[in-house]
Each structure stands twice: as C-alpha cells, then as structure tokens.
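Dear colleague,

Please find below the structure that I am handing over to you. I would be grateful if you could read the notes that follow beside it.

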Amino acid sequence: MALSIGIVGLPNVGKSTLFTAMTNKGGLAANYPFATIEPNVGIVPVPDDRLRALAEIDHPAKIVPATVEFVDIAGLVAGASQGEGLGNQFLANIRETDAIAEVVRFFGDPDVTHVAGKVDPQSDVDTIKTELILADIATVEKAIPRLEKEAKRDKSGAAKLEAARKVLAGLNEGHRARTLGLTEDEVAAIYELHLLTMKPMLYIANVDEDAVDAELPEIDGCTPVPISAKVEADIAELAEMDPDEAKEYMEALGLTDSGLARLIREAYHLLGLQSYFTSGETETRAWTIPVGAKAPQAAGVIHSDFERGFIKAETASFEDYVALGGEKGCRDAGKLRQEGKDYVVQDGDVMHFKFNV
C-alpha cells in the first residue's frame, strides 16, 4: 500500500520549495501566489537503514524500499471553499490523499511575500482549517437530501443520515470531523462523503535555518515537524553531488536525519503504519502495512493470491535475521517461526509466505 500525502498551505509558505527538495522533482517555486496550478506528484523512497543491513546478508539483485507519494497542491486562501484563489479544484485534489501535511510559515524572510502581510502561524492554520471545514459543510449539506430519501427505504440509510447530521453539527461549531469522537459505525456511514476534515493532519513548521531542531508549541493538538525548506533544498543538492558532504552538513546543523525522514516517520505513526520485509537473492524489499495486520493481510499487500491462498508464513524478527546471518542461521537457531492466519505481524519482521490457489 503506497501512502499518499497532500502538501497544503497558504501561498508562499515554502510548499513547492520543500516538495522539490524532498522529491528531487522540479516543482515551480516562485515568490507570488498560485505558482503551482496543477498538483505536482512525487514518489519518494521511505528511508530505512534496515534494508541495507538485510541486503548485506542476502546480496539481492535489487533493493526496493517502501514509497510515499507526495502531492504538492496549490496554495489555499481564505474563501477557497467558495472559489476564491484557485478554489475547489485544489480541495478536490486533497480528497485523493491518505493524509494532509500543512506547511506553516515560521521563517521570517522579509523578501518572501506573505499573503496576509505578516507571519502569524496560528492565523495561517486557522485559515486553512476554516476552508476545509467550510468545504465539508457544503459536501454534507448537499448529501443530506439524498440521505433523507435513503433513510425512508432502509435502516442503513437512516444510520448514514444520523451520522451526517451529527458531523454537520460539529462542523458548524468549528470542529474537524476527525475530532468529533465518531464510532467505527459512524465513520463507516460517512465514508462515502470523503470529508477533508476526516483525514489525519500533519503540520510542517517551515522554520529559519537556525531553528531546524527547535521545540515548537502544538498546533491543533499536534506537535509540528520543524523543517527548513531551504536546508532541505541544500541537503538534496549536496546529496546528489557528494552524500558524505551532505551528511557532514546535517551533522553541523545538529540533525541526525533529513526533514523528509522525520516527516515520513511522523506520517507512519499518525496513520498507524509499519513495515515488514521480504529478502533473498532476487530482491530485498520493504512492504507497508497497518499496525495490527495479520499475516494473510500482510501477504495480500504483495498479491491478492497470497492472501486468498495463505497457508503459513516463515517469519524471523529483523534483529534475529541480522544477528544470525540470515534465513539459514535463523532456521538453525530455531528462530525461524512458522506462523498461521492469526499471527499479528510485527514491525521489522522478515517473512516468506507459503500459499496455494
């Protein structure tokens, strides 16, 4: 399962600069609103040092990391839900993503225009939040007449209508749908509406270069990830020419990993995701699954036939696999386990599936 994250924010907060640095993709970065018109999409590998450790044991023909899709969506402005700026076409682009990462301007460069005339992170957050809520209000209000007709026909329609009315009330009070304490049944009932405020939110604080390791106050109940788009651009440029120089530059700034790595780590945590591995002569590969996934579900990420015809999974922990020199060492030491359909896959498991269809 590929993770998709939409990058949003007001114009000129550094979204496109950050996107370009993280994805090595040439998004248009300009010092004026709406430089990004069509959403740029970049696929980036998930940084995971465990892949290299496994590859050193199995010497595969190729290494395949898990990936994240970043979608750079044009700057939203106040009134976007009513068509201001470039309006609802960008709200529609957000609907296709698994999560939203909002870039919030903390940097103070006077040469970069702020759409509101001053740097005010909380005001920026409130503007975006309001626009997403207003867009969802319009979606729910439009759906309710249809749901009222469905409610007259069957009980499932009545449940959808009740859930929609509950969400509409919360939205009208200024709350995101995700924060309304909905039950699993209520979440399922409104799923078809694809509400923007049901999506998990990450906040990226685009800070000055000397604040990349700063501790920042929470935004809307979440701790923002401090990233300097300029620093990320410098790291990306150096990494292409000399990875060791890029590493030295990061160390000089007190960074142990890139902003991209920290952002992806936070996204995995927020969405309840983890990785397991398959490894052998053909390839060493990372696969993304939900935390709590059972072995057949994990197998299904490779191919639906693996899940449908699942028999068992030969499994070793990453730590045992590395310490014992691979599959044979784990087998000889009794650390290669035979796991069935009820096994809950753990982060870092190295797995080989047996199936029959």
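The notes below begin with the basis of the model and then go through the findings.

This is a predicted model, in which local features need pLDDT of at least 70 and side-chain atom pairs count only at pLDDT 80 or more, while totals for chains, interfaces and linings use all residues. Residues are numbered from 1 along each chain as its sequence is written, and side-chain values use heavy atoms, with hydrogens and water left out.

The chain as a whole

The chain has 13 helices and 12 strands. Here helices (H or I, at least four residues) and strands (E, at least two) are DSSP runs, numbered from the N terminus. Of its 357 residues, 48% count as buried; buried means under 20% relative accessible area, exposed means over 50%, and partly exposed lies in between (1.4 Å probe, protein chains only). Among contacts between residues at least 6 apart in sequence, 64% join residues at least 24 apart, where contact means heavy atoms within 4.5 Å.

Helices α4 and α5

Helix α4 covers residues 121–151 and helix α5 residues 155–172; their axes come within 9 Å and cross at roughly 155°. The axes are lines fitted to C-alpha atoms, for helices over the stretch in contact, and angles run from 0 to 180 degrees between N-to-C directions. The angle makes α4 roughly antiparallel to α5, given that angles under 35 degrees count as roughly parallel, over 145 as roughly antiparallel, 65 to 115 as roughly perpendicular and the rest as oblique. The crossing of α4 and α5 is left-handed, a term used if the near helix is turned anticlockwise from the far one by less than a right angle, with right-handed used if clockwise.

On the α4 side, the residues making this contact include Ile133, Ile137, Val140, Ile144 and Leu147, and on the α5 side they include Leu161, Ala164, Leu168 and Leu171. By class, the contact has 11 nonpolar, two polar and six charged residues. In this classification Ala, Val, Leu, Ile, Met, Phe, Trp, Tyr, Cys and Pro count as nonpolar, Asp, Glu, Lys and Arg as charged, and the others, Gly among them, as polar.

Two residues of α4 may be of interest to you. Glu150, found in α4, is buried, with a relative accessible area of 17%. Leaving aside neighbours within four places in sequence, Glu150 is in contact with Gly157 and Lys160. Asp126 also lies in α4, but Asp126 is partly exposed, at a relative accessible area of 35%. The C-alpha atoms of Asp126 and Asp220 are separated by 9.1 Å, although these residues are 94 apart along the chain.

Helices α1 and α7

Helix α1 (residues 15–23) packs with helix α7 (residues 229–241) at an angle of about 25°, their axes being 8 Å apart. That makes α1 roughly parallel to α7, and the crossing of this pair is left-handed. Thr17, Leu18 and Ala21 of α1 meet Ala229, Glu232, Ala233 and Ala236 of α7. The classes here are five nonpolar, one polar and one charged residues.

In helix α10 (residues 295–302), the residues Ala295, Pro296, Ala298 and Ala299 are buried. Seen down the axis of α10, the buried residues fall within an arc of 160°, so they line one face of the helix; the arc is that of the directions from the helix axis to the C-beta atoms. The elements covering these buried residues include β8 (273–279), β9 (283–290), α11 (304–308), β10 (310–316) and β12 (350–355).

Trp287 is found in strand β9 and counts as buried, at 11% relative accessibility. Not counting residues up to four places away in sequence, Trp287 touches Gln274, Ser275, Tyr276, Phe277, Thr278, Val301 and Ile302. The C-alpha atoms of Trp287 and Ala2, 285 residues apart along the chain, are separated by 9.0 Å.

Two histidines in loops

His59 has a phi near 45°, a positive value in a residue other than glycine. This residue, His59, lies in the loop between α2 (49–58) and β3 (62–64) and is exposed, with a relative accessible area of 61%. His194 likewise has a positive phi, of about 50°, although it is not a glycine. His194 lies in the loop between α6 (184–190) and β6 (201–206) and is partly exposed, at 39% relative accessible area.

Yours sincerely,
A colleague
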